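Please look through the structure shown here, following the chain from one region to the next as the paragraphs below take up each in turn.

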Amino acid sequence: MHRGIYVHLPFCPYICPYCDFAKWPHRRSAAQRYLQALYAEIDRAGETRPSGVFYETLFLGGGTPNTYAADDIARLVAHISRRLPGPEQRETTIEVNPELVSADDLPVYRDSGINRISIGVQSFVPEEIRTLGRRHTAQDVERVVRDCREAALSSVSLDLIFAVPGQTPQTWRRSLETAITLGVDHISTYGLTVEEGTPYQTWREREPGAFLDDSREADLYEIAIDMLEAAGYEQYEISNFAKPGHRSLHNANYWANGEYLGLGVGAASYVNGVRSVHTKDLETYVHAALEGAPVPAESEELEGAQRAGEAVMLALRTAQGVSLQAFKERYGLDFLDFYAPIVQLYRDDGLLEVDASHARLTRRGRFVANDVCAAFVTFA
Ligand code: SF4
């Protein structure tokens with residue numbers, strides 16, 4: 001079975017107004033203390049690791065991991081590799097903010113074992129970048145992609161956001177075209193969600209007309225699918241497109257309902273059928289980890305139909321869909337019998353298709369994936 005490790009590095013050079021991740025403005029002393037806490041948590045996880053357990057992928061996410069110096073990152077990766085071993089060529093990803101990447105960082109990343117870089121671009125259109133509260137330029141991104149190639153990093157990915165206030169089909173096409181022209185290996189496209197308690201929520205309450213409605217958002221999503229597929233990117237998941245050989249194994253493991261170990265403040269884990277999320281309080285996390293104590297977390301053990309429903313939700317996000325055979329073997333349930341009423345409903349609506357081996361969302365189904373998936377999770 002595949003297992004992944006996710007490490008949360010929560011500091012950012014500034015805070016984006018739409019963000020609801022666990023994140024804090026960067027301060028050197030707090031960031032260094034956090035790193036010590038992380039080392040302690042890694043040591044503890046290493047001591048309690050059942051023998052024979054290996055981790056095939058490692059993902060450094062955030063926050064903005066590259067608020068840390070490249071040497072700090074290299075030491076962290078080396079420490080994780082010692083305590084939580086995996087294959088020699090483990091897929092190791094780092095998320096970066098393009099304006100903070102220097103050409104000298106990239107060989108350091110590469111030599112530490114990092115082989116995937118995920119650049120938080122969001123848009124190539126200056127007004128949209130400003131609306132999102134980001135400060136990089138399109139030139140920063142072009143420079144980083146070029147430097148990644150020179151440093152021979154094997155996979156370069158970009159994140160883009162659609163349904164940004166003020167975005168039009170023309171500006172969205174411009175961002176997609178620029179990403180395609182840069183020749184990156186992987187592109188993730190996320191529809192903007194307005195999260196509770198963020199400055200964006202206040203903005204939407206004040207000026208709802210500034211935000212795109214569902215139908216305009218669906219149009220932009222369709223543009224992305226058409227342009228990226230035409231450019232040779234396979235849509236292997238609702239939000240993810242890859243050139244051949246460049247799918248994210250780490251994320252594929254989430255969608256296959258595989259196990260993962262989350263380290264750091266607010267990090268989520270799924271181990272032995274138990275989902276847990278670490279405290280999102282920075283001081284509580286740091287204090288517990290430095291004490292060598294278990295990090296306070298909320299956990300939930302999924303059982304029976306609930307566990308199966310979660311697996312369906314995750315698998316339906318992928319292009320391949322739910323394997324009927326694998327589902328039966330893993331959960332002891334016949335997918336088509338067990339979910340007969342909703343399968344029928346969504347097939348009739350043209351949102352779900354079923355062949356001899358798989359059930360998957362149709363193209364139309366991908367636009368309402370959240371609703372369809374939710375129906376499987378709550379069905380019991
Ligand atoms: S860089 Fe990412 S994690 Fe940091 S504030 Fe912006 S969206 Fe949130």
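Does asparagine 272 count as buried or exposed? Asparagine 272 has 8 C-beta neighbours inside 10 Å and therefore counts as exposed, where a residue is buried if 20 or more other C-beta atoms, placed from the backbone, lie within 10 Å of its own, exposed if 12 or fewer, and partly exposed in between. This is a predicted model, in which local features need pLDDT of at least 70 and side-chain atom pairs count only at pLDDT 80 or more, while totals for chains, interfaces and linings use all residues. Residues are numbered from 1 along each chain as its sequence is written.

Asparagine 272 sits in the loop between strand S12 (268-271) and strand S13 (274-278), helices (H or I, at least four residues) and strands (E, at least two) being DSSP runs numbered from the N terminus. Its phi is positive, near 50 degrees, in a residue other than glycine. Asparagine 257, in the loop between H9 and strand S11 (259-263), likewise is not a glycine and has a positive phi of about 60 degrees; because asparagine 257 has 18 C-beta neighbours inside 10 Å, it counts as partly exposed. Most residues other than glycine have a negative phi, and most peptide bonds are trans. A cis peptide bond, with omega about 20 degrees, joins glycine 62 and glycine 63, and glycine 63 lies in the loop between strand S4 (57-62) and helix H2 (70-83).

Gly62 and Gly63 are also among the residues around the ligand, together with others including Cys12, Phe21, Lys23 and Thr64; a residue is taken as near a molecule if its C-beta atom, placed from the backbone, lies within 6 Å of it.

The protein is divided into domain 1 (3-254) and domain 2 (305-378), with bounds that come from an automatic or database domain assignment. Their contact takes 7 residues from domain 1 and 7 residues from domain 2, two residues being in contact if their C-beta atoms, placed from the backbone, lie within 7 Å. On the side of domain 1 that touches domain 2, helix H8 (214-230) and strand S9 (234-237) are the elements that give two or more residues, and S9 gives the most, with 3 residues.

Further along, 3 strands form an open antiparallel sheet in the order S15-S17-S16, two strands pairing if DSSP finds at least two bridges between them. S15 and strand S16 (352-354) stand at the edges with a single partner strand each, so one side of each is left without a neighbour in the sheet. S15 pairs with S17 over 2 bridges, and valine 322 stands opposite alanine 359 in S17.
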